[in-house]
Amino acid sequence: MKVIIGPASTALAEKVAELIRCEKVSVAFKTFPDGESYIRLEGCMQGEHAAIIQTTCAPQDSRLMQLAFMAAAAKRNGARKVTAVVPYLAYARQDKVFLAGENISIETVAQMLKAAGVDALVTVNIHAESALGMFPFPAKNLSAIPLLAEYFVQKGYRGAFALAPDKGALYIAQQAQQVLGGEAGYLEKQRDRYTGQTKQTCKGLDVKGKAVIIFDDIISTGGTIVGAAEILREQGAAKVFAACVHPLLIGEAEKRILDAGVEEIVGTDSVPSRNSKVSLAPLIANALKALESG
Ligand code: R5P
């Protein structure tokens, strides 16, 4: 196996290559003045299993094109198999038709990757696992939640309350609970499909005097975490933390969350940011080792 160092995930890809002790392939890349992407693989791919590590956070469309170009270049240069390791998979939230006339964007992304030469996908905490069924090749979803929970154990928060900001994320809070050893619960959340506005409510949770960690797959605008933190404060939580796998943290999100009384935001390096305090490298390295031996 050779690890192709995707331009969007250079630090993470380097760490993974070191952990699995395999050869790295650098990628020369640039954006032309008109906005088009260019990539060139700087290594021989003949007969190799190429693992391309490339996240697809903003600018999503360019990151996806770079990924497709790297896959096609690997195949064109003799790779026998291409595995796309995409820690944050863009467009996964549009996994169904919510309003008439919409596209199922993640399905189109899957077909585009297949057409480019991708043979397998490894991703991390995809928004809904059901979307994996739309990929026309084997697709594996890893969970970084135990690693995030372990970060809080190391900081002395064993026993903290693991809270999901909506019912759909309860399984995430429960995964964290396995490591933290405390309680888990969720808030009710309703989203207006036209405005995108959400409203959260709390039913039957006892967080008074407790340290609470809100676990979610993504923090984007921060609205979900801010809403949850406000409810937790009203309910008398002693301390509130926010943990997510994909810290997109758009615009003023970080400030809004800290202003809402959240003590710390902890994300992974699926999306490089100053809040990316937990590395996915061991998780991805183990998954690639299993793929090679399996
Ligand atoms: C939605 O269902 C996701 O799990 C996240 O809760 C959502 O993407 C967070 O978005 P925001 O930070 O904009 O509230």
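**Ground rules.** The model is predicted, and I took local features at pLDDT of at least 70 and side-chain atom pairs at pLDDT 80 or more, while totals for chains, interfaces and linings use all residues. Residues are numbered from 1 along each chain as its sequence is written, and side-chain values use heavy atoms, with hydrogens and water left out.

**Cavity.** On a 1 Å grid over the protein atoms alone, a cavity is a set of points where a 1.4 Å probe fits but cannot get out, and lining residues have an atom within 4 Å of a point. Grid points are joined across faces, edges and corners, and a volume is the space filled by probe spheres set on the points. I found one cavity of 30 Å³ or more. The largest cavity holds about 60 Å³. Its lining includes Y88, R93, H127, D217 and H246. By class I count five nonpolar, three polar and two charged residues there (Ala, Val, Leu, Ile, Met, Phe, Trp, Tyr, Cys and Pro are nonpolar; Asp, Glu, Lys and Arg are charged; the others, Gly among them, are polar). Domain 1 (2–143 + 279–293) and domain 2 (145–269) both line the largest cavity, so it lies between them. The domain bounds come from an automatic or database assignment.

**Largest pocket.** A pocket is an open set of points with protein on both sides within 12 Å along at least five of seven lines. The volume of the largest pocket is about 1100 Å³. I list 38 lining residues, with R93, H127, K189, R191 and R193 nearest the centre. The lining splits into 12 nonpolar, 13 polar and 13 charged residues. Both domain 1 and domain 2 contribute to the lining of the largest pocket, so this pocket too lies between them.

**Second largest pocket.** I noted a volume of about 160 Å³. Among its lining residues are Q60, Y88, R93, S105, S220 and I250. Six are nonpolar, four polar and one charged. Domain 1 and domain 2 each supply at least three residues to this lining.

**Ligand.** I find 13 residues around the ligand, the closest being D216, D217, S220, T221 and T224 (near means a heavy atom within 4 Å). I then checked polar contacts, which are pairs of N or O atoms within 3.5 Å. A side-chain N or O atom of D217 is 2.5 Å from a ligand oxygen. For a polar side-chain atom of T221 I also noted 2.5 Å to a ligand oxygen. G222 uses a backbone N or O atom, 2.8 Å from a ligand oxygen.

Definitions and conventions
Polar contact = N/O pair within 3.5 Å; in protein donor to acceptor, adjacent residues only side chain to side chain.
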